[in-house]
Amino acid sequence: MNENNDVRESVTATRRCALAAVPFGIATVAYIGIFLASYDRLPGRIATHFSGDGGADGFTSRTAALWFGGGLLLGLGLLFTVLTLVSKESSGSRLTAAVGAGTAVTLGYALILTVLVNTDVQDPADVQLPMWHVAVLLLAGVATGALAWWLMRAGQRPAPAPPTPSLPLAEGEAAVWSRTMISRALLVPAGAVTLSGLFVVALGPWQAGLLSLVLGMTCAPFVGVRVTVDRRGLTVASTVLPRPRLALPLGSIVSASSIQINAMGDFGGWGYRIRPNRRGVVLRSGEALSVRTVGKREYVVTVDDSTTAAALLNGLVNRHVERE
């Protein structure tokens, strides 16, 4: 059975990687082929940017446009393929592949259209881009992404992990479990972005460093969190800032279990993540505490020794239910 599951997951992963890579491959070949076929009919500098009325307002040399467009398609194709691959068998992998396919069509359409409208033009300033093409390329991208999502419908999510056995607690007995987690995946980029923002604010126009400061402060609360299980329920609090704070009272909890997650594949990254009927405080891939609530929502917190945390939380929930 395990061997069959491994084969099925391998086939599904291959299909998803292909659906992410093939559209970029087709777009790259089409763009370079059309560009080279029209090369001698293009002006030395071609219009590559257009204003709201369709008039050309930005120009690039033919050679630079060819290398930039081809390199952009190849680079994004490689990026989406790798992200789909590392996401493994998960909804995140399916979403990444679908977004990649849609991006390939949208970008490929725009780049090829740029070549076509510049063909046989003497002065690139005279180039006009009909704005209805913008609606068409966006619609084509969304439709392609939706089609890729539908084609990847095969392959179901693994069954939820069974609840961890509860830790028996006598009436009046007190027990507390707590653990602090530090995210190296967020610590380095958050520190670097914040420091760069402070540097720019101090030595240059403060407006230029404001975005970096905001991004750094957004990551800061999730650099370190303290996870606590006690008579109140589950509490996840930042060790850096007093807010944000996640608190699930015992009365709202149905069960808890210890699971394994893939940060990119299951949640699309790190930090506080939101998925349909699923929330996550994700600091890394690996062991995590999963808590299911009466509202049929799952909360996931990556933390070491999650089996002990789940067992204690189940014990506290059972005692709370018996009291009622």
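Which residues lie nearest the centre of the second largest pocket?

**View 1. Lining of the second largest pocket in the predicted model.** Thr48, Phe50, Ala110, Leu111 and Thr114 lie nearest the pocket centre, among 24 lining residues. A pocket is an open set of points on a 1 Å grid over the protein atoms alone where a 1.4 Å probe fits, with protein on both sides within 12 Å along at least five of seven lines; lining residues have an atom within 4 Å of a point. The volume is about 370 Å³, taken as the space filled by probe spheres set on the points. Helix H3 (91-118) gives the most to the lining, with 6 residues. Helix H1 (2-37), strand E1 (45-50), helix H2 (62-87) and helix H4 (132-151) are among the elements that each supply at least two. Helices (H or I, at least four residues) and strands (E, at least two) are DSSP runs numbered from the N terminus. The lining divides into 17 nonpolar, 7 polar and no charged residues, with Gly counted as polar and Asp, Glu, Lys and Arg as charged.

**View 2. The open sheet E7-E10-E11-E9-E8.** Its 5 strands show mixed pairing, where two strands pair if DSSP finds at least two bridges between them. Strands E7 (253-261) and E8 (271-275) stand at the edges with a single partner each, so one side of each has no neighbour in the sheet. Neighbouring strands are turned by 20° against each other on average, direction ignored. Strands E10 (residues 286-293) and E11 (residues 298-302) are antiparallel over 5 bridges, and Ser290 stands opposite Val300 in E11. Helix H8 (residues 306-323) packs on this sheet, touching E7 and E10, and its direction makes about 170° with that of E7. Contact means heavy atoms within 4.5 Å; axes are lines fitted to C-alpha atoms, for helices over the stretch in contact, and angles run from 0 to 180 degrees between N-to-C directions.

**View 3. The antiparallel open sheet E3-E4-E5-E6.** Strand E3 and strand E4 (residues 224-230) pair over 6 bridges, and Trp177 stands opposite Val229 in E4. H8 packs on this sheet too, touching E3, E4 and strand E5 (233-238), at about 40° to the direction of E4.

**View 4. Residues 1-9 and model confidence.** The mean pLDDT (the predictor's confidence in each residue, from 0 to 100) of the chain is 78, and 76% of residues reach 70 or more. Over residues 1-9 the pLDDT is below 50, and the stretch has 4 contacts beyond near neighbours in sequence. Where pLDDT is low, predicted coordinates should not be read in detail.

Residues are numbered from 1 along each chain as its sequence is written, and side-chain values use heavy atoms, without hydrogens and water. In this predicted model local features need pLDDT of at least 70 and side-chain atom pairs count only at pLDDT 80 or more, whereas totals for chains, interfaces and linings use all residues.
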